[in-house]
Amino acid sequence: MMKFQKANTLKGEVTIPGDKSISHRAVMFGSLAEGTTEVTNFLQGADCLSTIEAFRQMGITIENTPERILIHGRGLHGLNAPSDVLDMGNSGTTTRLISGILAGQPFESTLTGDASIQKRPMRRIMEPLSMMGASIVSINGNDCAPLHITGAPLHGIHYHSKVASAQVKSAVLLAGLYADGETLVTEPSLSRNHTEIMLRTFGADLTSEGRTAKVCPEPRLEGQKIHVPGDISSAAYFIAAGLLVPGAEILIKNVGINPTRDGILKVAQEMGGNITLLNENHDGEPTADLLVKHSRLHGVVIEGDIIPTLIDELPIINIMAACAEGTTVIRNAAELKVKESNRIDVMVQYLGAMGCDITGTEDGMVIVGGRPLHGTEVDSHMDHRIAMSFAIASLIAEGETIIKGSDVVNISYPNFYKDLQRLSL
Ligand code: S3P
């Protein structure tokens, strides 16, 4: 549990830790490549450590030091059957992506995870991976983990996903590495494309056109040097803090600005936020430094194709909307209900308790901004993005805000509170 007070102002620089999605993929693809993969700025968060442990359990040697990770890959067919159940912890990305890999292995495996993972929907990967020929059984019969996977020789398919989910897309593409022909995935809106970019870097024959990605089987993947950019989803809390706290000015260094992830920047600017991109670098995954200054925000409508590009940022965007003038409407975001917590219900409950006019809808929320916020007691529901969003809300709320389960930030940003503290004047 942690207690927070309203901030005077925030000033200074913050360097954001490595991107969670890219860190996971570096470990997975490095494990399936021949030779050594070196990863710098790897995110040492609990979710990514779950991915490392899972591949170690399948015989991959992974050296983890503060400076770099070395993954001694054993090629596409080099994994051993795990001797025990694989523990995914809290990580949806580990669970769904690894399922795609396990579907093509000549062995059986069982995956489980924490209470939250055991409630998250897995039918979305069970369906396409079964169509490809694997057997995936939800042991409790509820389409959630624990899952028992019997790998098999797989068939290439063209999968039309009902959800815009990079986890589903990636699971199918990874299984496609083990298929007997091409595998295609078409999604309703483009989700983050880190799998496509990085698998190509490792040597896979993978092409993308619009909302369809296509992979050819049996590539020879080769170990790479991967430098992980800062995670825009973690930067989002400092973007919001810089915009909302009076007098604030924050330089956020080395942030990944891949266009499939940068919806927060577009929305913040459309709301009237003063954000300047500096030192842009477009070699590989694009990055920039972000200079953020306190701004008067106004409400906007957020819907359609932009939603997957800011799906993890919607809780903190809710806090921005609460402080903006006018109404913000968020639609087409039903996926919020099946994240680490039900982020529609949790945001409505606690942002409402802070005095905000917020109404939940079937696929989003309506927020009438401008009411003053006051402190309250928030339960993180063991959701890292809920804890960080309300830590930022506390900076502009009158009185004290208490966050129960605050240490869940370890999932994606272990030094979050320290970094925030350093900026506070
Ligand atoms: C992720 C994809 C997103 C996101 C999650 C990480 C990934 O999930 O919410 O935090 O690394 O592929 P979906 O693709 O299922 O929406």
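A polar contact here is a pair of N or O atoms within 3.5 Å; within protein, one must be able to donate a hydrogen and the other to accept it, and residues adjacent in sequence count only if both atoms are side-chain atoms. Lys339 gives us an example: an N or O atom in its side chain is 2.7 Å from an oxygen atom of the ligand. Do keep in mind that this is a predicted model, with local features needing pLDDT of at least 70, side-chain atom pairs counting only at pLDDT 80 or more, and totals for chains, interfaces and linings using all residues. Residues are numbered from 1 along each chain as its sequence is written, and side-chain values use heavy atoms, leaving out hydrogens and water.

- The side chain of Asp312 has an N or O atom 2.6 Å from an oxygen atom of the ligand.
- For the side chain of Thr93, the corresponding distance to a ligand oxygen atom is 3.4 Å.

**The shell**
- Around the ligand (a heavy atom within 4 Å) you will find Lys20, Ser21, Arg25, Thr93, Ser165, Ala166, Gln167, Arg192, Ile311, Asp312 and Lys339.
- By class, the shell holds 2 nonpolar, 4 polar and 5 charged residues (Ala, Val, Leu, Ile, Met, Phe, Trp, Tyr, Cys and Pro count as nonpolar, Asp, Glu, Lys and Arg as charged, the others, Gly among them, as polar).

**Domains**
- Domain 1 (2-17 + 229-423) and domain 2 (20-227) both contribute shell residues, so the ligand lies between them; the bounds come from an automatic or database domain assignment.
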